[in-house]
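Reader: I would like to learn how to read a few features of a protein model. Could we take them one by one?

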Amino acid sequence: MEAPPLSVNAWLNEKGRESQYAIFQDNVHVGDLWTTYRIDSQSVQREDILLIEHFSLAIAPLRVISLSQFTGAGKLDEFTLHMDNPSLQGELHGERFSEDFSFTFKIGPSPRLERRYKIPLTDGDLISGATNPFAHLSDVQVGQRWRMQVFNPLSAILGVGAQFTSMLVEVTGRESIMVDGESRLCFVIESANAKAWVDENGAVQVQEAVLPLVGTWRMVRQATCDVDKRRIAQRRVLHSR
């Protein structure tokens, strides 16, 4: 599956190009995620801003900002992720080539430790972050399968576990969940360590992921997007608590 193709343009014009998710770790509200789409005649760009205020691990406050650039055909062409907390900064940048995605990862105080990765496109040409593995998914049908690569910024910060994981994803069925106080029939998207509920318009309403050392991570779509709070999260200087 390729996502997000330019066919999402009509949906975004109707439903809005901005969304916000509340993030819960084991049922405790720990932060928020904002997703913004920008579309022109040639490409689709998605920006995700993740801000973790409280956490069971000593890495909060933590901010992760990722920018995904898709071609007009819906293929991911370039991916950049910045992460920072009061004591550490890191950056991941990747570009598509004919047979693979080539990544450079830098982390730590100056001089930064630098690592390079190459991921064959045969292992999945959709790249995402483990904290938000599923964004907008269009043209979902029961029985579909695809493979994607997931980068875990928490593993990168903690130095524990795999930073990249290949994940096989399947649309396993449909079930009703409560959204804004009413029942809504959604497609169920599942992998070994993640699950999402996607409505018929392709909007992810709820997603869950099991992260190493973290436990269950749950994101719930909010009825409105707090733009002012998003701007503060993007510009705020992070201090130790």
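Reader: Start with aromatic pairs. How many does the structure hold?

Author: A pair of aromatic rings is described by the distance of the centres and the angle of the planes. Rings of Phe, Tyr and Trp (its six-membered ring) pair if their centres lie within 6.5 Å; planes under 30 degrees apart are stacked, over 60 edge-to-face, and the rest tilted. The structure holds one such pair. F101 and F103 are the partners, and they are stacked, with 5.7 Å centre to centre and 20 degrees between the planes.

Reader: What should I know about the model itself?

Author: This is a predicted model, where local features need pLDDT of at least 70, side-chain atom pairs count only at pLDDT 80 or more, and totals for chains, interfaces and linings use all residues. Residues are numbered from 1 along each chain as its sequence is written, and side-chain values use heavy atoms, with hydrogens and water left out.

Reader: Is F101 buried or exposed?

Author: Buried means under 20% relative accessible area, exposed over 50%, and partly exposed in between (1.4 Å probe, protein chains only). F101 is buried, at 1% relative accessibility. F103 is buried too, with a relative accessible area of 0%. Across the protein, buried residues make up 50% of the 241 residues.

Reader: How many residues of strand β7 are buried?

Author: Helices (H or I, at least four residues) and strands (E, at least two) are DSSP runs, numbered from the N terminus. Strand β7 covers residues 100-107. Six of its eight residues are buried, so β7 is largely enclosed by the rest of the structure. The protein has three helices and 15 strands.

Reader: Which way do β6 and β7 run?

Author: Two strands pair if DSSP finds at least two bridges between them. Strand β6 (residues 88-96) and β7 run antiparallel, joined by seven bridges. A hairpin of three residues connects β6 to β7. G90 stands opposite I107 in β7.

Reader: How many bridges pair β7 with β8?

Author: Eight, again in the antiparallel sense, with β8 spanning residues 113-120. S102 stands opposite K118 in β8.

Reader: Now charges. Which residue lies over the face of F187?

Author: A charge sits over a ring if NZ of Lys or CZ of Arg is within 6 Å of the ring centre and within 35 degrees of the ring normal. Here R174 lies over the face of F187, at 4.4 Å from the ring centre.

Reader: How many salt bridges does a search of the whole structure find?

Author: Side chains of opposite charge can pair when their charged atoms come close. A salt bridge is a side-chain nitrogen of Lys or Arg within 4 Å of a carboxyl oxygen of Asp or Glu. The search finds 11. One of them joins R230 and E18, at 2.6 Å from N to O. R230 lies in helix α3 (residues 227-235) and E18 in strand β1 (residues 18-25), so this pair ties together parts 212 residues apart in sequence. R230 is buried at 10% relative accessible area, whereas E18 is partly exposed at 33%.

Reader: What does E53 form with R236?

Author: A salt bridge, with the closest N and O atoms 3.0 Å apart. E53 is in the loop between β3 (43-52) and β4 (62-71), R236 in the segment after α3, and the two are 183 residues apart. R236 counts as partly exposed, at 25% relative accessibility.
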